[in-house]
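This report covers the surroundings of the ligand and the packing of helices.

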Amino acid sequence: MRMNLAEIYKSNPFVLSFELFPPKSDKGMDHLIENLRRLLEFHPHFVTCTYGAGGSTREKTLDTLAHVQALTDIPVASHVTCVGATVEDLKAYLAKAAEQGIENIVAIRGDPPEGEEEFRTMKGALSFGRDLVELIRREYPEFGIAVGGYPETHPEAGSPETDLRYLKEKVDCGADVVITQLFYNNDDFLRFRDCCTSKGICVPIIPGLLPVTNFNQVKRIASLCGATLPEDFLNALENCGDDTAAQFAVGVEQATRQAGGLIAHGVAGIHFYVLNKSHATSEVLGALELPPK
Ligand SMILES: Cc1cc2nc3c(=O)[nH]c(=O)nc-3n(C[C@H](O)[C@H](O)[C@H](O)COP(=O)(O)OP(=O)(O)OC[C@H]3O[C@@H](n4cnc5c(N)ncnc54)[C@H](O)[C@@H]3O)c2cc1C
């Protein structure tokens, strides 16, 4: 059913969503579809697909969502970033997305292209997530819009206070929901959510969870987005040695505990970074008592 994010969060007390990425090959797409089929058994309210660093997967994002739309009629969202695209490029992409029946956009600034340390705005391009939200609201008001939020503060932000001020700008420009960067300490999220409320950010703040199920993934995550992993969780993973099944079980247990804690604190939904796989997220969801949807 066609529904934008504002309507989805307004009409459901608990919203479940999954994030995919565009696969590189046909085999990867088959794998994604097979896994998504399993995840659909949990009745998610919407599915999103990322937009590759530097805008590198623009067409693949639309193509991936077309495959999702062929499988299910639940709403979808395309991530879009400001990197490597002029305003005209972005408008053309948004027009295509609308034409394809995509109802929602996850509006993101993006990271600097590989090899560059600092984010620099290209001529004719946008500088911040806020500018993209503004553009979408002006040109395509019918899209639902999600933006990114950072429980541990965005790595480039001067301080948590300035980061929150800019987050409020994104919401004031028209974002319907904030989806957070992944995190592993619920206290970080709960503190962030309280700060959002006290700054007058009144849209749903949705935790983004990525179950970590092996030790190599931990290192990658820490270096990619700077998320802090709890010491006892790292120790438990390390104690598994090379036993990958044991590492998986530890990761699922941690994610189940984390999701359960968030639900107990009344979150309006959970967004799972499923990485085109279903096993870990299915185990977590199967072990949880989800609130009525
Ligand atoms: C839910 C989610 C989805 C994501 N999806 C993708 C994806 O599909 N593809 C991808 O490449 N990356 C993705 N990312 C990663 C994202 O690109 C990076 O985290 C990026 O560094 C920040 O994007 P943003 O939109 O949150 O930035 P912004 O909100 O623009 O903020 C970026 C930095 O600038 C500061 N800032 C904001 N506004 C101003 C201003 N007016 N003046 C000065 N400083 C300002 C902020 O405090 C922050 O430090 C995603 C992240 C999240 C949380």
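## Shell around the ligand

By class, the shell around the ligand holds 8 nonpolar, 10 polar and 6 charged residues (nonpolar: Ala, Val, Leu, Ile, Met, Phe, Trp, Tyr, Cys and Pro; charged: Asp, Glu, Lys and Arg; polar: the others, Gly among them). The model is predicted: local features need pLDDT of at least 70 and side-chain atom pairs count only at pLDDT 80 or more, while totals for chains, interfaces and linings use all residues. Residues are numbered from 1 along each chain as its sequence is written.

Thr50, His79, Arg109, Gly129 and Gly148 come nearest among the 24 residues around the ligand (a residue is near if its C-beta atom, placed from the backbone, lies within 6 Å). At least two shell residues each come from strands S3 (76–81), S4 (104–108) and S6 (177–182) and from helices H5 (129–139) and H6 (160–172). H6 gives the most, with 4 residues. Helices (H or I, at least four residues) and strands (E, at least two) are DSSP runs, numbered from the N terminus.

## Helices H5 and H6

The axes of H5 and H6 are 8 Å apart at an angle of about 5° (axes are lines fitted to C-alpha atoms, for helices over the stretch in contact; angles run from 0 to 180 degrees between N-to-C directions). H5 and H6 are therefore roughly parallel (under 35 degrees; over 145 is roughly antiparallel, 65 to 115 roughly perpendicular and the rest oblique).

Gly129, Arg130 and Val133 of H5 meet Tyr166, Glu169 and Lys170 of H6 (contact: C-beta atoms, placed from the backbone, within 7 Å). This contact has 2 nonpolar, 1 polar and 3 charged residues.

Key: Contact = placed C-beta atoms within 7 Å.
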